[in-house]
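Grab a pencil and work through these exercises with the model open beside you. Each one has a task, then a solution in steps.

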Amino acid sequence: MKCIIRHIPFLLLGACFVASGWLKGVDPYGTSLKLSEYFRVWGWSGFVADHPLAWSVCLCAGELCLGLLLLSGVFRKAVAWGTVAAMSAFTALTAWLAFSPVGMSVQDCGCFGDAFTLGHGATLLKNVLLWALAVWHLWVVRAETWHGLKGWRTTACCAVFSLAVPLYSAVWLPPVDFLPFGRGAALSAVPGFWSVRRTL
């Protein structure tokens, strides 16, 4: 029973990160629109704001890879630190959305892309709970030691797969489009789309 309880944090965290990364990764166009909304509200311009699709691919791949690494159980201590850092950033962002007048102008955080949305209060509660699980998981694995190169093959496979999903959807055609105008429509109209495509 104790062993099962010890596994709950990373299983829940891994499942959540995989779901979030996948739902955003199969529709990176929708995620780029959400990032563009953030950039507009923050008043950002220049290189970052001009390439939302590129940052969308990076965000989707990062979340998906982190979730897969949590579920695979490799480099648990390093992955636990990465999870705490990610959840700290996401929780701070959703707190800003929930309590800042400027943040309230953003309709939703985009945690699950355009698949479905949560209110700011529900999103903040979710992230606080996930942050607590991330800290708990870090506490569980805090005493683990480094095992050299063991697990690098699994890590490489997770990274390649995680990057391939949003890249394929961004450069060719999304397998799923959660927006109402139809799969793949107006994809090339996204700022930064052609610059991403030319780099491949």
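**Exercise 1. Is Thr94 buried or exposed, and which residues does Thr94 touch?**

Step 1: Look up the accessibility. Thr94 has 2% relative accessibility, so Thr94 counts as buried. The cut-offs are: buried is under 20% relative accessible area, exposed is over 50%, and partly exposed is in between, using a 1.4 Å probe and protein chains only.

Step 2: Know what you're working with. This is a predicted model, where local features need pLDDT of at least 70, side-chain atom pairs count only at pLDDT 80 or more, and totals for chains, interfaces and linings use all residues. Residues are numbered from 1 along each chain as its sequence is written, and side-chain values use heavy atoms, with hydrogens and water left out.

Step 3: Thr94 sits in helix α5. Helices here are DSSP runs (H or I, at least four residues), strands are runs of E (at least two), and both are numbered from the N terminus.

Step 4: List the neighbours. Leaving aside residues up to four places away in sequence, Thr94 touches Cys109, Thr123, Leu124 and Asn127. A contact means heavy atoms within 4.5 Å.

**Exercise 2. Which cysteines does a disulfide join, and which hand does the disulfide have?**

Step 1: A disulfide is a covalent bond between the sulfur atoms of two cysteines. The test used here is a pair of cysteine sulfur atoms within 2.5 Å.

Step 2: Apply the test. Cys109 and Cys111 are joined, with 2.3 Å from S to S. The rule gives a count of one disulfide.

Step 3: Cys58 is in no disulfide, and the nearest cysteine sulfur, that of Cys60, is 9.2 Å away.

Step 4: Compare their surroundings. Cys58 is partly exposed, with a relative accessible area of 48%, whereas Cys60 is buried at 0%.

**Exercise 3. How many helices and strands are there in the protein?**

Step 1: Count them. The protein has eight helices and zero strands.

Step 2: Read along the sequence. You get the pattern α-α-α-α-α-α-α-α.

Step 3: Of the 200 residues in the protein, 44% are buried. Among contacts between residues at least 6 apart in sequence, 76% join residues at least 24 apart.

**Exercise 4. At what angles does α4 cross α5 and α7?**

Step 1: Set up the description. Two packed helices are described by the angle between their axes and the distance between the axes. Here, axes are lines fitted to C-alpha atoms, for helices over the stretch in contact, and angles run from 0 to 180 degrees between N-to-C directions.

Step 2: Take the first pair. Helix α4 (residues 52–72) and helix α5 (residues 76–99) have axes that come within 10 Å and cross at roughly 135°. That makes α4 oblique to α5; angles under 35 degrees count as roughly parallel, over 145 as roughly antiparallel, 65 to 115 as roughly perpendicular and the rest as oblique.

Step 3: Find the touching residues. They include Leu59 and Leu66 of α4, along with Val79 and Phe90 of α5.

Step 4: Take the second pair. The axes of α4 and helix α7 (residues 152–171) come within 8 Å and cross at roughly 145°. Among the contact residues are Cys60 and Leu64 of α4 and Cys158 and Phe161 of α7.

**Exercise 5. Where does Phe75 lie, and what is its phi?**

Step 1: Locate the residue. Phe75 lies in the loop between α4 and α5.

Step 2: Read the backbone. Phe75 has a positive phi of about 45°, although Phe75 is not a glycine.

Step 3: Check the cover. With a relative accessible area of 17%, Phe75 is buried.
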